[in-house]
Amino acid sequence: MRKSLIALLMGLIVSLPLSGTAAASGSARPVPSGKAALTKNPIYTTGEFDFTECKELDRRPDDVDSYKIYLDHLMDCLNLSWGEEFKQAGLPFAKPKVRFITSAVKTGCGKYPAPYAAGVYCPVDKTMWILIYKNQLADPSEFELFQVIAHEYGHFVQDRVGILPAVDKITRKASKATYFAWSRRIELQAECFSGAFIGSVWHSLGRDQFDWDDLLDMKYGDVLHGKAKSIRYWLKRGWNGNGPGVCNTFTAPASKVA
Ligand SMILES: [Zn+2]
(Lines give C-alpha, C1' and ligand atoms only; values in the text may rest on other atoms or scores of the structure.)
Protein backbone atom coordinates (compact mmCIF):
# COMPACT_ATOMS: atom_id res chain seq x y z
CA MET A 1 0.00 0.00 0.00
CA ARG A 2 2.75 2.33 1.03
CA LYS A 3 4.72 1.42 -2.05
CA SER A 4 1.84 2.05 -4.41
CA LEU A 5 1.22 5.44 -2.85
CA ILE A 6 4.85 6.32 -3.34
CA ALA A 7 4.63 5.24 -6.95
CA LEU A 8 1.54 7.38 -7.34
CA LEU A 9 3.28 10.31 -5.77
CA MET A 10 6.06 10.27 -8.29
CA GLY A 11 3.64 11.96 -10.63
CA LEU A 12 2.92 14.73 -8.22
CA ILE A 13 4.24 18.18 -8.08
CA VAL A 14 5.30 17.37 -4.56
CA SER A 15 6.18 14.00 -3.27
CA LEU A 16 5.61 13.39 0.37
CA PRO A 17 6.76 9.88 0.94
CA LEU A 18 9.83 10.36 3.03
CA SER A 19 10.27 12.65 5.90
CA GLY A 20 12.75 15.45 5.71
CA THR A 21 13.69 16.96 9.00
CA ALA A 22 15.22 20.35 9.10
CA ALA A 23 18.32 20.50 11.19
CA ALA A 24 18.23 22.94 14.04
CA SER A 25 20.99 25.48 14.04
CA GLY A 26 22.19 28.42 16.09
CA SER A 27 19.74 30.05 18.43
CA ALA A 28 16.69 29.29 16.30
CA ARG A 29 13.76 27.60 17.95
CA PRO A 30 13.14 23.91 17.30
CA VAL A 31 11.14 23.06 14.20
CA PRO A 32 7.59 22.21 15.33
CA SER A 33 6.16 18.75 14.84
CA GLY A 34 2.78 17.04 14.90
CA LYS A 35 -0.51 18.89 14.53
CA ALA A 36 1.01 22.14 15.83
CA ALA A 37 3.41 22.20 12.88
CA LEU A 38 0.38 22.34 10.60
CA THR A 39 -2.06 24.62 12.37
CA LYS A 40 0.11 26.86 14.57
CA ASN A 41 3.36 27.05 12.69
CA PRO A 42 5.54 30.08 13.54
CA ILE A 43 5.89 30.76 9.80
CA TYR A 44 2.25 31.97 9.93
CA THR A 45 3.16 34.77 12.32
CA THR A 46 5.65 36.71 10.21
CA GLY A 47 3.30 39.08 8.38
CA GLU A 48 4.05 40.76 5.06
CA PHE A 49 7.23 39.91 3.20
CA ASP A 50 9.83 42.59 3.84
CA PHE A 51 11.76 41.97 0.69
CA THR A 52 9.67 43.29 -2.19
CA GLU A 53 11.96 43.81 -5.18
CA CYS A 54 12.63 41.13 -7.74
CA LYS A 55 13.45 42.17 -11.29
CA GLU A 56 12.93 39.59 -13.99
CA LEU A 57 16.08 39.27 -16.06
CA ASP A 58 15.91 39.09 -19.87
CA ARG A 59 15.80 35.73 -21.57
CA ARG A 60 16.52 34.84 -25.16
CA PRO A 61 14.41 32.33 -27.13
CA ASP A 62 15.84 28.80 -27.01
CA ASP A 63 18.85 29.97 -25.03
CA VAL A 64 18.97 27.65 -22.03
CA ASP A 65 21.80 29.57 -20.38
CA SER A 66 19.82 32.80 -20.36
CA TYR A 67 16.92 30.89 -18.78
CA LYS A 68 19.18 29.47 -16.09
CA ILE A 69 20.49 32.94 -15.25
CA TYR A 70 16.89 34.21 -15.08
CA LEU A 71 15.90 31.34 -12.79
CA ASP A 72 19.00 31.63 -10.58
CA HIS A 73 18.13 35.27 -10.06
CA LEU A 74 14.58 34.32 -9.12
CA MET A 75 16.01 31.81 -6.63
CA ASP A 76 18.06 34.63 -5.09
CA CYS A 77 14.84 36.61 -4.63
CA LEU A 78 13.07 33.65 -3.05
CA ASN A 79 15.98 32.94 -0.71
CA LEU A 80 16.05 36.56 0.43
CA SER A 81 12.27 36.78 0.86
CA TRP A 82 11.78 33.51 2.65
CA GLY A 83 15.07 33.69 4.54
CA GLU A 84 13.77 36.86 6.18
CA GLU A 85 10.44 35.17 7.01
CA PHE A 86 12.27 32.27 8.66
CA LYS A 87 14.33 34.71 10.67
CA GLN A 88 11.21 36.47 11.89
CA ALA A 89 9.61 33.14 12.73
CA GLY A 90 12.76 32.15 14.65
CA LEU A 91 13.17 29.05 12.51
CA PRO A 92 16.45 27.75 11.08
CA PHE A 93 16.91 28.46 7.38
CA ALA A 94 19.16 27.04 4.71
CA LYS A 95 18.81 27.53 0.97
CA PRO A 96 17.36 24.68 -1.06
CA LYS A 97 19.29 23.01 -3.82
CA VAL A 98 17.87 23.55 -7.27
CA ARG A 99 18.46 21.86 -10.60
CA PHE A 100 17.18 23.27 -13.87
CA ILE A 101 16.95 20.55 -16.46
CA THR A 102 15.85 20.15 -20.07
CA SER A 103 15.67 16.35 -20.19
CA ALA A 104 14.70 13.47 -17.90
CA VAL A 105 16.67 12.79 -14.71
CA LYS A 106 16.59 10.44 -11.76
CA THR A 107 15.95 12.31 -8.52
CA GLY A 108 15.99 11.10 -4.93
CA CYS A 109 12.21 10.75 -5.34
CA GLY A 110 12.21 8.84 -8.60
CA LYS A 111 12.22 9.70 -12.26
CA TYR A 112 11.35 13.21 -13.34
CA PRO A 113 9.63 14.58 -15.38
CA ALA A 114 6.51 12.72 -14.44
CA PRO A 115 2.90 13.27 -15.52
CA TYR A 116 1.24 16.40 -14.11
CA ALA A 117 4.46 17.64 -12.54
CA ALA A 118 5.64 21.00 -13.76
CA GLY A 119 8.34 20.80 -11.13
CA VAL A 120 9.24 18.62 -8.17
CA TYR A 121 10.51 19.33 -4.72
CA CYS A 122 12.12 16.17 -3.41
CA PRO A 123 12.43 16.07 0.40
CA VAL A 124 14.90 13.19 0.12
CA ASP A 125 17.59 15.11 -1.73
CA LYS A 126 16.31 18.52 -0.55
CA THR A 127 16.33 19.61 -4.16
CA MET A 128 13.91 21.45 -6.40
CA TRP A 129 13.89 19.87 -9.83
CA ILE A 130 12.59 22.21 -12.50
CA LEU A 131 12.10 21.15 -16.08
CA ILE A 132 12.25 23.90 -18.67
CA TYR A 133 9.81 22.87 -21.37
CA LYS A 134 10.32 23.48 -25.09
CA ASN A 135 7.32 25.78 -25.32
CA GLN A 136 8.65 27.82 -22.38
CA LEU A 137 12.06 28.06 -24.03
CA ALA A 138 10.44 29.36 -27.16
CA ASP A 139 8.68 32.18 -25.32
CA PRO A 140 10.94 34.34 -23.13
CA SER A 141 7.98 36.37 -21.89
CA GLU A 142 6.20 33.39 -20.37
CA PHE A 143 5.39 33.63 -16.66
CA GLU A 144 4.59 30.01 -15.83
CA LEU A 145 8.13 29.04 -14.81
CA PHE A 146 8.23 31.87 -12.31
CA GLN A 147 5.15 30.54 -10.58
CA VAL A 148 6.24 26.90 -10.77
CA ILE A 149 9.45 27.78 -8.97
CA ALA A 150 7.63 29.87 -6.37
CA HIS A 151 5.32 26.86 -5.82
CA GLU A 152 8.14 24.31 -5.48
CA TYR A 153 9.90 26.71 -3.16
CA GLY A 154 6.67 26.63 -1.14
CA HIS A 155 7.14 22.88 -0.71
CA PHE A 156 10.70 23.43 0.42
CA VAL A 157 9.39 25.90 3.01
CA GLN A 158 6.82 23.33 4.13
CA ASP A 159 9.60 20.79 4.55
CA ARG A 160 11.85 23.12 6.55
CA VAL A 161 9.11 24.33 8.91
CA GLY A 162 7.97 20.81 9.77
CA ILE A 163 4.77 20.68 7.69
CA LEU A 164 5.77 17.96 5.21
CA PRO A 165 7.25 15.70 7.89
CA ALA A 166 4.10 16.10 10.01
CA VAL A 167 1.75 15.21 7.14
CA ASP A 168 4.00 12.33 6.17
CA LYS A 169 3.61 10.89 9.65
CA ILE A 170 -0.16 11.40 9.74
CA THR A 171 -0.73 9.83 6.33
CA ARG A 172 1.62 6.89 6.66
CA LYS A 173 -1.21 4.41 7.17
CA ALA A 174 -4.04 6.47 5.73
CA SER A 175 -6.54 5.37 3.10
CA LYS A 176 -6.20 6.82 -0.36
CA ALA A 177 -9.10 9.20 0.16
CA THR A 178 -7.63 10.52 3.40
CA TYR A 179 -4.26 10.82 1.77
CA PHE A 180 -5.71 12.83 -1.12
CA ALA A 181 -7.41 15.21 1.29
CA TRP A 182 -4.06 15.91 3.02
CA SER A 183 -2.31 16.20 -0.30
CA ARG A 184 -4.74 18.95 -1.33
CA ARG A 185 -4.05 20.95 1.83
CA ILE A 186 -0.33 20.71 1.08
CA GLU A 187 -0.63 21.60 -2.59
CA LEU A 188 -3.05 24.47 -2.03
CA GLN A 189 -0.78 25.88 0.64
CA ALA A 190 2.18 25.74 -1.74
CA GLU A 191 0.00 27.57 -4.29
CA CYS A 192 -0.85 30.18 -1.67
CA PHE A 193 2.81 30.56 -0.65
CA SER A 194 3.68 31.11 -4.32
CA GLY A 195 0.93 33.72 -4.59
CA ALA A 196 2.16 35.45 -1.43
CA PHE A 197 5.67 35.74 -2.80
CA ILE A 198 4.55 36.83 -6.28
CA GLY A 199 2.17 39.40 -4.85
CA SER A 200 4.91 40.85 -2.66
CA VAL A 201 7.24 41.50 -5.63
CA TRP A 202 4.56 42.10 -8.27
CA HIS A 203 5.08 45.86 -8.52
CA SER A 204 8.76 45.28 -9.39
CA LEU A 205 8.14 42.75 -12.15
CA GLY A 206 6.79 45.03 -14.87
CA ARG A 207 3.96 42.59 -15.51
CA ASP A 208 0.35 43.54 -16.07
CA GLN A 209 -3.04 42.15 -15.15
CA PHE A 210 -3.10 39.92 -18.26
CA ASP A 211 -0.11 37.92 -17.06
CA TRP A 212 -1.83 37.28 -13.75
CA ASP A 213 -5.18 36.44 -15.37
CA ASP A 214 -3.46 34.08 -17.83
CA LEU A 215 -1.81 32.31 -14.95
CA LEU A 216 -5.13 31.84 -13.17
CA ASP A 217 -6.78 30.67 -16.42
CA MET A 218 -4.13 28.00 -16.93
CA LYS A 219 -5.00 26.31 -13.67
CA TYR A 220 -6.83 23.03 -13.82
CA GLY A 221 -7.61 20.75 -10.93
CA ASP A 222 -7.18 17.13 -9.92
CA VAL A 223 -7.82 15.06 -6.83
CA LEU A 224 -4.33 15.65 -5.43
CA HIS A 225 -4.04 19.38 -6.08
CA GLY A 226 -7.66 20.43 -5.64
CA LYS A 227 -10.27 21.78 -8.01
CA ALA A 228 -9.32 24.67 -10.28
CA LYS A 229 -11.62 26.86 -8.19
CA SER A 230 -9.71 25.98 -5.00
CA ILE A 231 -6.33 26.54 -6.66
CA ARG A 232 -7.39 29.99 -7.87
CA TYR A 233 -8.80 30.84 -4.45
CA TRP A 234 -5.55 30.07 -2.59
CA LEU A 235 -3.30 31.59 -5.23
CA LYS A 236 -5.26 34.85 -5.08
CA ARG A 237 -5.51 34.73 -1.30
CA GLY A 238 -1.72 34.63 -1.06
CA TRP A 239 -1.29 37.28 -3.74
CA ASN A 240 -3.59 39.69 -1.90
CA GLY A 241 -1.02 40.08 0.86
CA ASN A 242 -0.34 39.77 4.60
CA GLY A 243 2.31 37.09 4.16
CA PRO A 244 2.35 33.34 4.70
CA GLY A 245 -0.14 33.50 7.58
CA VAL A 246 -3.06 33.70 5.14
CA CYS A 247 -2.01 30.31 3.77
CA ASN A 248 -3.05 28.13 6.67
CA THR A 249 -4.90 25.50 4.66
CA PHE A 250 -4.78 23.19 7.66
CA THR A 251 -7.44 25.11 9.54
CA ALA A 252 -9.53 25.81 6.43
CA PRO A 253 -12.93 24.12 6.07
CA ALA A 254 -13.03 21.10 3.75
CA SER A 255 -15.05 23.12 1.21
CA LYS A 256 -12.05 25.42 0.66
CA VAL A 257 -9.65 22.56 0.05
CA ALA A 258 -11.85 20.44 -2.20
ZN1 LIG B 1 3.10 21.00 -5.48
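Which cysteine does a disulfide join to Cys 192? Here are my notes.

1. It's Cys 247, with S to S at 2.1 Å; a disulfide here is a pair of cysteine sulfur atoms within 2.5 Å. Cys 192 lies in helix H7 and Cys 247 in the segment after helix H9 (228–239), so the link ties together parts 55 residues apart in sequence. (Helices, H or I, are DSSP runs of at least four residues and strands, E, of at least two, numbered from the N terminus.) With -75 degrees about the S-S bond, this link is left-handed.

2. Before going on: this is a predicted model, where local features need pLDDT of at least 70, side-chain atom pairs count only at pLDDT 80 or more, and totals for chains, interfaces and linings use all residues. Residues are numbered from 1 along each chain as its sequence is written, and side-chain values use heavy atoms, leaving out hydrogens and water.

3. The disulfide count comes to 3. Another one joins Cys 54 to Cys 77, and its S-S torsion is about 90 degrees, so it is right-handed. Cys 109 and Cys 122 pair up too, with sulfur atoms 2.2 Å apart.

4. Now have a look at the zinc ion. Its protein donors are His 151 (NE2), His 155 (NE2) and Glu 187 (OE), 2.0 to 2.1 Å from it. Donors are N, O and S atoms within 2.8 Å of the metal (3.2 Å for Na, K and Ca); water is not among the atoms, so sites may look incomplete. His 151 sits in helix H5 and Glu 187 in helix H7 (residues 176–201), 36 residues apart.
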